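Dear colleague,

Please find the structure below, handed over for your review.

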Amino acid sequence: MESMFGSWDAQSQRMRKGTGTGGFNMESLKRLGHISPAVYLTLCSALAFSALGAYLHIILNIGGTLTTVGCLAAVAFLISLPPSQDQERNRFALLMSAALLEGASVGPIVDLVLRFDPRILVMAFIGTAIAFGCFSGAAIIAKRREYLYLGGLLSSGLSILLWLQFAASIFGHSSTTFMFELYLGLLVFLGYMVFDTQEIIERAHHGDMDYIKHALTLFTDFVVVLVRVLVIMLKNAQEKSEDENKRKKRSF
């Protein structure tokens with residue numbers, strides 16, 4: 001894999017020498033070449049296993065605290081293993097296991113959405129996929145390290161979310177704080193899509209070709225955004241349905 005990207009990098013440099021400063025398209029293609037195709041293939045596999053986990057919850061009702069703990073344990077074990085060729089299969093299997101357990105953990109919200117209106121799930125997934133493609137694409141075509149400064153800002157936003165959840169666990173949730181937390185979290189993790197993509201490019205530029213860890217990072221961003229989009233769309237659909245029911249009662 002490293003030889004493949006080494007040849008791609010060398011070819012890009014030769015083409016740039018032939019065209020002066022290279023230009024926007026060549027720089028973008030070179031940055032794209034630093035991301036292994038295995039990252040996105042692994043990400044797609046993880047999303048497929050996550051969908052399988054959600055399906056298993058729907059038919060077996062297995063999602064809950066145990067699956068969440070199991071997912072965290074699988075991720076921790078994956079990170080603890082060295083990114084060597086000998087451990088590649090084990091790490092890949094751990095990633096797929098974590099994705100399966102994560103899918104089972106979010107299975108309750110998926111089940112609720114399917115019972116209310118299955119179209120919400122389809123629209124939420126398509127919307128999240130489009131957002132992921134747009135924000136990752138923006139990170140790829142942007143100048144090198146342009147969005148890495150977002151790391152501090154996004155960490156601060158994540159810290160605010162954690163404190164809000166801690167306060168809610170003590171004082172309880174209100175509708176206003178819940179919606180604020182929901183939209184702030186969506187904004188923060190959309191930002192992480194851009195930041196993590198550029199960080200992966202930068203790491204790969206320095207020789208870190210750990211596609212499994214990179215796929216795990218993008219998978220986490222995708223799932224968190226998807227869940228929040230699902231909750232927002234479900235809440236809006238429920239409110240719309242309640243308004244329509246009130247109108248019908250008034251008409252009678």
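**Helix 8 and helix 9**

Helix 8 meets helix 9 through Leu-150, Gly-151, Leu-154, Ser-155, Gly-157, Leu-158, Ile-160, Leu-161, Leu-164 and Gln-165, and on the helix 9 side the partners are Phe-180, Glu-181, Leu-184, Gly-185, Val-188, Phe-189, Gly-191, Tyr-192 and Phe-195. Contact here means heavy atoms within 4.5 Å, and helices (H or I, at least four residues) are DSSP runs numbered from the N terminus. By class, this contact has twelve nonpolar, six polar and one charged residues; Ala, Val, Leu, Ile, Met, Phe, Trp, Tyr, Cys and Pro count as nonpolar, Asp, Glu, Lys and Arg as charged, and the others, Gly among them, as polar.

This is a predicted model, in which local features need pLDDT of at least 70 and side-chain atom pairs count only at pLDDT 80 or more, while totals for chains, interfaces and linings use all residues. Residues are numbered from 1 along each chain as its sequence is written, and side-chain values use heavy atoms, with hydrogens and water left out.

The axes of helix 8 and helix 9 are 10 Å apart, at an angle of about 150° (axes are lines fitted to C-alpha atoms, for helices over the stretch in contact, and angles run from 0 to 180 degrees between N-to-C directions). The two helices are therefore roughly antiparallel (over 145 degrees; 65 to 115 counts as roughly perpendicular). Their crossing is left-handed, that is, the near helix is turned anticlockwise from the far one by less than a right angle.

**Two further helix pairs**

Helix 4 (residues 65–80) and helix 5 (residues 88–105) pack at about 160°, with axes 8 Å apart. This pair is therefore also roughly antiparallel, and the crossing of helix 4 and helix 5 is left-handed. Their contact has ten nonpolar, four polar and two charged residues.

Helix 3 (residues 37–60) and helix 6 (residues 107–116) cross at roughly 70°, their axes coming within 9 Å, and are therefore roughly perpendicular. Ala-54, His-57 and Ile-58 of helix 3 meet Gly-107, Pro-108, Val-110, Asp-111 and Leu-114 of helix 6.

**The largest pocket**

The largest pocket has a volume of about 1100 Å³. Its lining comprises 34 residues, with Glu-102, Phe-189, Thr-220, Asp-221 and Val-224 nearest the centre. (On a 1 Å grid over the protein atoms alone, a pocket is an open set of points where a 1.4 Å probe fits, with protein on both sides within 12 Å along at least five of seven lines; lining residues have an atom within 4 Å of a point. Points are joined across faces, edges and corners, and the volume is the space filled by probe spheres set on them.) Helix 10 (211–251) is among the helices that supply at least two lining residues each, and its twelve form the largest share.

Yours sincerely

Technical notes: Angles under 35 degrees count as roughly parallel, over 145 as roughly antiparallel, 65 to 115 as roughly perpendicular and the rest as oblique.
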